[in-house]
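Have the sequence and the model open as you read.

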Amino acid sequence: MKRYTWRTGLLEAAMIVAALVFAFPVYVLFVQALRPVDDTGASPLVPPASPTLDNFAQAWQQASLGPAVLNSALVTAASVVLLVVLSALAAYPIARSTRGWSRAVFALFMLGLLLPFQLALIPLYQTMRDLGLLGNPIALIIYYTGVQMPFSVFLYTGFLRGLDRGYEEAAMMDGASPLRTFFSVVLPLLRPITGTVVILNVIFVWNDFLTPLLYLSGSGNQTIPVALFGFVGQYVSQWPLVFAGLIIGSIPVLTVYFAMQKRVIQGFAGGLKG
Amino acid sequence: METAMAPKAQPAAPAGSASPPPPAPARRFRTDRIAVPWWFVLPALAFFAFAVLVPSARGAVYSFTDWDGLARSSSFVGLEHYRSLLSDSGARDALVHTLLIAFSVTVVQNAVGLLLALGVNTRIRSRNVLRVFFFAPAVITPVVTAYLWKYLYAPEGAINAALDALGLGLLTQSWLGDSDLALWSVVAVIVWQFSGYSMVIFLAGLQSIPREIYEASDMDGAGPVRRFWHIVRPMLAPAFTINLMLSLIGGLKLFDQVWVMTQGGPGGATDTLSTVIYREAFQFNAFAYSTAMAVVLTLFVIVLSGVQYGYLGRQERNS
């Protein structure tokens with residue numbers, strides 16, 4: 001193809017300007033978070049004369065972000081492990097069978113992509129209350145595993161349909177049971193799409209706000225978004241403190257994203273073919 | 001079957017003892033090459049039914065009763081809630097806002113996402129960094145981005161300060177306080193956060209186009225605009241379908257950002273079906289009425305996405 005011409009240079013400049021516009025909110029976020037609390041009246045655009053990290057330490061303590069990070073991590077890890085194993089297990093027969101029941105089950109899962117959570121919100125809240133699970137992270141793990149199942153099954157089914165059956169058939173010929181074939185042959189072959197399933201579910205579960213707000217309120221088992229929501233409500237005028245808290249709360253999920261960013265694009269490419 | 005077709009020349013077994021073909025191989029022959037047990041779907045189905053299907057069905061049933069969220073029993077009231085919805089001007093406004101948000105987010109987010117994808121799918125040196133960068137807002141907790149933008153939009157906030165600094169002081173606004181403007185300010189936040197998501201899906205589509213096709217069109221002397229319209233656009237049809245579906249459904253269900261930034265204000269100017277449902281249920285305890293509203297939202301999601309999917313499917317087949 002063509003080499004780097006002046007036109008390419010012009011395009012590059014335009015894209016970088018677009019990136020700077022996109023980055024403007026993040027710039028303001030850091031300028032504020034590094035500002036000493038008593039440094040009021042300055043323009044929100046000018047970096048503080050004497051930047052400080054005190055806000056981060058204070059926000060960490062006062063929003064009790066430590067326990068919230070642990071809680072979010074526990075709920076996210078458990079939900080994502082359940083989602084990966086169970087949705088891949090379900091997608092396996094759906095992708096391999098051409099019979100009526102498999103199409104019906106797949107259609108049922110796809111209906112789940114459309115149903116807005118608002119419809120199930122209140123009846124499920126009542127069920128969790130009756131089971132005595134309000135305030136318990138287990139309620140959230142069950143909820144996320146169920147609610148993200150359709151999307152995960154969708155991604156795995158598309159990928160499995162394009163996957164060669166030779167390995168599975170060989171394993172079955174050798175006398176491996178279907179379950180054993182699934183865990184030792186199929187699941188490892190699914191690794192590319194598993195990366196996508198993991199990252200998209202981590203983003204969803206970590207960031208979800210309304211359900212933990214309802215299920216965990218007042219329990220001390222808060223997740224990050226709910227802890228931040230309560231924290232901002234308390235310190236609404238102290239933006240430097242608030243912004244430091246917002247940054248801390250975003251670091252874990254951003255770290256996972258930057259570590260796995262290659263998989264995101266590859267996984268979408270695989271999903272498009274499916 | 002096999003016995004019937006067996007050649008006659010073979011030493012025929014006595015007719016009386018003609019055993020039926022062994023059942024196991026026959027069944028495998030008729031179905032799939034590999035028999036994967038159907039019960040593998042059960043655990044996934046159980047979680048899905050518990051968290052989504054059963055409560056959704058119950059929600060739909062509650063919308064025809066006077067259930068208050070606490071009582072064990074409730075009585076059937078027919079279409080009463082749906083009738084009051086028709087005369088509830090707040091709910092009607094919320095429906096209009098929901099549709100406005102969903103349509104404008106769908107159009108603008110995908111237009112921006114497509115431009116970004118075309119921009120980074122070139123030979124520019126920063127392409128890999130920019131890809132990672134533009135997707136990053138989609139990863140951040142909506143509660144965080146909503147608070148950040150609430151500050152940016154404040155009267156003495158960063159956007160007005162930036163406009164002043166650029167000598168555009170006339171353009172400063174009360175971005176979330178002006179009831180004519182607030183809805184579009186919310187849309188801008190969603191577009192900022194999720195354009196990168198659309199970009200990644202378009203990019204995946206662009207990268208699946210074989211390089212030879214570009215080279216052939218170069219030799220034919222097609223300019224970039226004609227090449228996009230006649231070659232790239234039809235090949236992006238699957239990416240368009242996924243993107244438009246995701247942003248339409250996401251726009252119709254939107255809650256977190258609106259709730260954190262405006263709680264539906266000022267004066268209901270940014271109320272959506274989601275914020276009204278939440279308020280009716282958890283602040284006014286009108287549980288049954290709020291589930292009727294959720295049923296209406298569900299119907300809109302299913303009908304609109306069905307229409308869109310049908311249209312995009314035809315486009316895909318035509319191209």
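**Domains of chain A**

This is a predicted model. Chain A is split into domain 1, residues 6–52, and domain 2, residues 56–273. The C-alpha centres of domain 1 and domain 2 of chain A are 33 Å apart. The two domains of chain A do touch: five residues of domain 1 and eight residues of domain 2 take part. On the domain 1 side of chain A, the contact holds three nonpolar residues, one polar and one charged.

**Where chain A meets chain B**

How many residues of chain A are in contact with chain B? There are 75, and they face 79 residues of chain B. Helix H13 of chain A, residues 239–273, gives the largest share of the chain A side, with 14 residues. By class, the chain A side has 55 nonpolar, 14 polar and six charged residues.

**Two helix pairs that share H15 of chain B**

Helix H15 of chain B spans residues 287–318. One partner is helix H5 of chain A, residues 117–130. Another is helix H3 of chain B, residues 42–62. The table sets out the geometry.

| Helix pair | Axis distance | Crossing angle |
|---|---|---|
| H5(A) and H15(B) | within 8 Å | roughly 155 degrees |
| H3(B) and H15(B) | 8 Å | about 115 degrees |

Take the pair between the chains. The axes of H5(A) and H15(B) cross at roughly 155 degrees. H5(A) is therefore roughly antiparallel to H15(B). The crossing of H5(A) with H15(B) is left-handed. H5(A) brings Gln118(A), Leu119(A) and Ile122(A) to this contact. They meet residues of H15(B) including Phe287(B), Ser290(B), Thr291(B) and Ala294(B). The contact of H5(A) with H15(B) has six nonpolar residues, four polar and no charged.

Now the pair within chain B. H3(B) and H15(B) pack at about 115 degrees. That angle makes H3(B) roughly perpendicular to H15(B). The crossing of H3(B) and H15(B) is left-handed. Gly59(B), Ala60(B) and Tyr62(B) in H3(B) meet Phe287(B), Ala288(B), Thr291(B), Ala294(B) and Val295(B) in H15(B). Six residues in the contact of H3(B) with H15(B) are nonpolar, two are polar and none is charged.

**Phe231 of chain A**

Phe231(A) lies in helix H12 of chain A, residues 224–234. Is Phe231(A) buried or exposed? Phe231(A) has 23 C-beta neighbours inside 10 Å, so Phe231(A) counts as buried; the cut-off for buried is 20 or more. Beyond its neighbours within four places in sequence, Phe231(A) is in contact with Gln62(A), Ala63(A) and Gly245(A). Pro192(A) is 39 residues away from Phe231(A) along the chain, and their C-alpha atoms are separated by 38 Å.

**Two loop residues with positive phi**

Ser64(A) sits in the loop between helix H2, 54–62, and helix H3, 65–96, of chain A. Ser64(A) is not a glycine, yet its phi is positive, near 40 degrees. With 14 other C-beta atoms within 10 Å, Ser64(A) is partly exposed.

Gln263(B) is found in a loop of chain B, between helix H13, 256–261, and helix H14, 273–282. Gln263(B) has a positive phi of about 50 degrees, although Gln263(B) is not a glycine. Gln263(B) is partly exposed, with 13 other C-beta atoms within 10 Å.

Notes: Residues numbered from 1 in each chain as written. Chains lettered and ligands numbered in written order. Predicted model: local features only at pLDDT ≥ 70, side-chain atom pairs only at ≥ 80, totals over all residues. Domains from an automatic or database assignment. Contact = placed C-beta atoms within 7 Å. Nonpolar A, V, L, I, M, F, W, Y, C, P; charged D, E, K, R; others polar. Helix = DSSP H or I, 4+ residues; strand = E, 2+ residues; numbered from the N terminus. Axes fitted to C-alpha atoms, helices over the stretch in contact; angles between N-to-C directions. Parallel < 35°, antiparallel > 145°, perpendicular 65-115°, else oblique. Left-handed = near helix turned anticlockwise from the far one by under 90°. Buried ≥ 20, exposed ≤ 12 C-beta atoms within 10 Å, placed from the backbone.
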